[in-house]
Amino acid sequence: RAYFNIPETDYAIHIGLTPNRSDANSHLGVARDVCAYLAHHKGGRYSVKAPVVNVDSNSSGEGYIWPAIKIEAPEACPRYTGIGIKNVQVGPSPEWLQQRLQAIGLRSINNIVDVTNYVLHEYGQPLHAFDADTINGKQIIVKFLPEGTAFIALDEKERKLQGSDLMICDAAGPLAIGGVFGGLHSGITERTTHVFLESAYFEPRHIRRTSLHHGLRTDAATHFEKGVDINNVVPALLRAASLIAEVA
């Protein structure tokens, strides 16, 4: 194929998803819905098997201290989890990953960010990757900040926060707008070697209010404001960690 430069055949399935079906807002979610339809209308047993995930656990990181997590706003974030991944090499994604993202209209960025986008659309669970070396005080604190606090996002624009904007912070200040948009100084770059990967459940009303106020209609916000499955938080985190270990 490469010698003759023949394009490979691929297929895309387009569906019309109503706003109240957030449970089907992912590839596995659609598959579960199809299985339910077939089981009800056609009889027989159908099941969806999520990818098997095996992740080596090492809480110490062989001398590297990973951030401790503290939730100070449980009414807006009842569950926040993270995993540390050491000795990564940030670069282009393998061709298969780039092609799968391109097939659903996403631009490839790098192997770490591409994995988070891939798992978002696979599981319906948004993820965020931080450069662990930029996290001050080795703390992740989920909380509200005072009205008018300045925050510089990934798009390099400074925004004044509302008091109701849920923020992911370290010991020095805000790192990201929870469930909506990352910060400029904590994102993944070509110099990143240690990744702290976030997977959380954010209360939909907080996400919707923040996303609309700041005009940040991101994929993550779109999922969170409809309501994601809190039971997917950890499985999606482990799936992404295993993919990062594979491609980075």
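Q: Which side chain does E225 meet in a salt bridge?
A: The general idea comes first: side chains of opposite charge can pair when their charged atoms come close. A salt bridge here is a side-chain nitrogen of Lys or Arg within 4 Å of a carboxyl oxygen of Asp or Glu. In this structure, E225 meets R217, at 2.7 Å from N to O. Keep in mind that this is a predicted model, where local features need pLDDT of at least 70 and side-chain atom pairs count only at pLDDT 80 or more, while totals for chains, interfaces and linings use all residues. Residues are numbered from 1 along each chain as its sequence is written, and side-chain values use heavy atoms, with hydrogens and water left out.

Q: Is E225 buried or exposed?
A: Read that from relative accessible area: under 20% is buried, over 50% is exposed, and in between is partly exposed (1.4 Å probe, protein chains only). E225 has 11%, so E225 is buried, whereas R217, at 45%, counts as partly exposed.

Q: Which residues do salt bridges that share partners join into one network?
A: That would be R21, D23 and D33. Take D33 and R21, whose closest N and O atoms are 3.0 Å apart. D33 sits in helix 1 (residues 27-41) and R21 in the segment before helix 1, so this pair ties together parts twelve residues apart in sequence. Both are partly exposed, D33 with 33% and R21 with 27%. By the way, helices (H or I, at least four residues) and strands (E, at least two) are DSSP runs, numbered from the N terminus.

Q: How many salt bridges does a search of the whole structure find, then?
A: Nine. Another one of them is R239 with E122, at 2.9 Å between the closest N and O atoms. This pair links distant parts of the chain, 117 residues apart, with R239 in helix 6 and E122 in helix 3. R239 is buried at 13%, and E122 counts as buried at 10%.

Q: How do I read helix 6, and what is its reach from first C-alpha to last?
A: Compare the reach with the expected span, which is 1.5 Å times one less than the number of residues. Helix 6 (residues 233-247) has 15 residues and reaches 21 Å, close to the 21 Å expected. Its buried residues include V233, L237, L243 and V247. Among the elements covering them by contact (heavy atoms within 4.5 Å) are strand 2 (79-85), helix 2 (95-103) and strand 10 (195-201).

Q: How many aromatic pairs are there?
A: Rings of Phe, Tyr and Trp (its six-membered ring) pair if their centres lie within 6.5 Å; planes under 30 degrees apart are stacked, over 60 edge-to-face, and the rest tilted. The search finds four pairs. One of them, F130 with F196, is tilted, at 6.3 Å centre to centre and 40° between the planes. F130 lies in strand 3 and F196 in strand 10, so the pair ties together parts 66 residues apart in sequence.

Q: How many disulfides does the search find?
A: A disulfide needs two cysteine sulfur atoms within 2.5 Å, and the search finds zero. For C77, the closest cysteine sulfur is in C169, 12 Å away, too far for a bond. C77 is buried at 0%.

Q: In what order do the strands of the open sheet run?
A: Two strands pair if DSSP finds at least two bridges between them. Five strands run 1-4-7-8-9, with mixed pairing. Strand 1 (68-71) and strand 9 (181-182) stand at the edges with a single partner each, so one side of each lacks a neighbour in the sheet. Strand 9 pairs with strand 8 (residues 174-177) in the antiparallel sense over two bridges.
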